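Subject: Structure handover

Dear colleague,

Here is the structure I promised to pass on. My notes follow below it.

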Amino acid sequence: VPYLDEVTGGIVPHDFIIVGARTGAGKSELGVNIAAYNARDGYRVAVFFLEAEDNEFEMRLKFQVMASRFKLDRRNRASGFNYARINYADWRLGNLDEVDEFASLEDWAEDAIKRHYSGIKTYYRNISDFGAAEFEREIYKIKDEVDLIILDHLHYMDLEDGGGRDENAAMKKLAKRMKAITSTLKIPIIAIAHLKKGSSNKIV
């Protein structure tokens with residue numbers, strides 16, 4: 001993402017990056033956004049959507065493509081349209097069906113995704129236990145086919161011994177294992193994590 005590239009220097013092959021924010025802050029949307037930007041630049045992106053329903057990433061990407069096109073249309077800007085109405089939740093619930101200009105973009109968005117975002121592969125949690133070992137096994141299966149890995153989100157991975165009494169220690173151990181993967185394979189991982197309400201800087 002251009003702004004993040006400017007302030008962080010971008011993503012390099014050995015990076016393990018944790019994106020932390022509270023519920024509803026737009027963490028998953030940012031993950032979709034990062035995947036989309038990199039795919040458009042020709043990079044191959046693997047997205048692990050652990051807490052999502054099947055095809056949720058694809059739906060979120062489709063919405064982003066539609067919303068971007070809609071907001072760039074001069075006619076919509078000139079009409080004084082309330083852009084706050086254009087949000088993913090309302091679209092998924094069918095509350096935007098009456099906005100003809102937006103609904104008409106669905107076919108165009110599907111074609112744009114085929115042309116520009118074919119480098120994105122998605123993986124959903126389809127087994128009851130999915131921890132560091134399962135994640136690492138999947139990564140090694142695709143290591144020659146991917147340039148960037150996005151994990152949404154970290155707290156939906158099963159911790160060793162369920163995290164036990166010290167969940168933070170178990171999470172730290174998980175993070176170290178992921179960092180080892182990036183260092184070995186030279187494939188960056190961006191993991192999205194939940195910040196506990198009332199804590200500004202602690203991942204729990």
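Leaving aside its neighbours within four places in sequence, which residues is Asn33 in contact with? They are Val1 and Gln64. Contact here means heavy atoms within 4.5 Å.

First, the ground rules. This is a predicted model, so local features need pLDDT of at least 70, side-chain atom pairs count only at pLDDT 80 or more, and totals for chains, interfaces and linings use all residues. Residues are numbered from 1 along each chain as its sequence is written, and side-chain values use heavy atoms, with hydrogens and water left out.

**Overall layout**

The chain has nine helices and five strands. Both are DSSP runs numbered from the N terminus: helices are H or I with at least four residues, strands are E with at least two. From the N terminus on, the order of elements is α-β-α-β-α-α-α-α-α-β-α-β-α-β. Of the 204 residues in the chain, 40% are buried. Buried means under 20% relative accessible area, exposed means over 50%, and partly exposed is in between (1.4 Å probe, protein chains only). Among contacts in the chain with a separation of 6 or more, 76% come from residues 24 or more positions apart.

**The sheet**

The five strands form an open sheet in the order β1-β5-β4-β2-β3. The pairing is parallel. Two strands pair if DSSP finds at least two bridges between them. At the edges are β1 (16-21) and β3 (120-124), each pairing on one side only. From one strand to the next, the twist averages 20 degrees.

Look at β5 (residues 189-194). Five of its six residues are buried. β5 pairs with β1 over six bridges, in the parallel sense. With β4 (residues 148-152) it pairs over four bridges, again in the parallel sense. Ile189 in β5 has Phe16 opposite it. Ile149 also stands opposite Ile189. Further along, Leu151 stands opposite Ala191 in β5.

**Helices on the sheet**

Helix α9 (residues 167-185) lies across β1, β4 and β5. Its direction is at about 140 degrees to β1. Helix α3 (residues 56-72) packs on the sheet and touches β2 (45-49) and β3. The direction of α3 makes about 140 degrees with that of β3. For these angles, axes are lines fitted to C-alpha atoms (for helices, over the stretch in contact), and values run from 0 to 180 degrees between N-to-C directions.

**α2 against α3**

The axes of helix α2 (residues 27-40) and α3 come within 10 Å and cross at roughly 75 degrees. That makes α2 roughly perpendicular to α3, a term covering 65 to 115 degrees; under 35 counts as roughly parallel, over 145 as roughly antiparallel and the rest as oblique. From α2, the contact uses Ser28, Glu29, Val32, Asn33, Ala35 and Ala36. From α3, it uses Phe57, Arg60, Leu61 and Gln64. These residues divide into five nonpolar, three polar and two charged. Nonpolar covers Ala, Val, Leu, Ile, Met, Phe, Trp, Tyr, Cys and Pro; charged covers Asp, Glu, Lys and Arg; the others, Gly among them, are polar.

Back to Asn33. This residue is found in helix α2. Asn33 is partly exposed, with a relative accessible area of 22%. Asn33 and Arg60 are 27 residues apart in sequence and 9.4 Å apart in space, C-alpha to C-alpha.

α2 has 14 residues and reaches 20 Å from its first C-alpha to its last. That is close to the 20 Å expected at 1.5 Å a residue, where the expected span is 1.5 Å times one less than the number of residues. Its buried residues include Gly31, Val32, Ile34 and Ala35. Gly42 follows α2, with a positive phi near 95 degrees.

Beyond its neighbours within four places in sequence, Lys27 is in contact with Val19, Gly20, Ala21, Arg22, Ile192, Ala193 and His194.

**Backbone points to check**

Most residues other than glycine have a negative phi, and most peptide bonds are trans. These spots depart from that:

- Asp152 and His153 are joined by a cis peptide bond, with omega about -10 degrees. His153 lies in the loop between β4 and α9.
- Asn55 has a positive phi, near 70 degrees. Asn55 lies in the loop between β2 and α3 and is partly exposed at 46% relative accessibility.
- Lys186 has a positive phi, near 60 degrees. Lys186 sits in the loop between α9 and β5.

Best wishes
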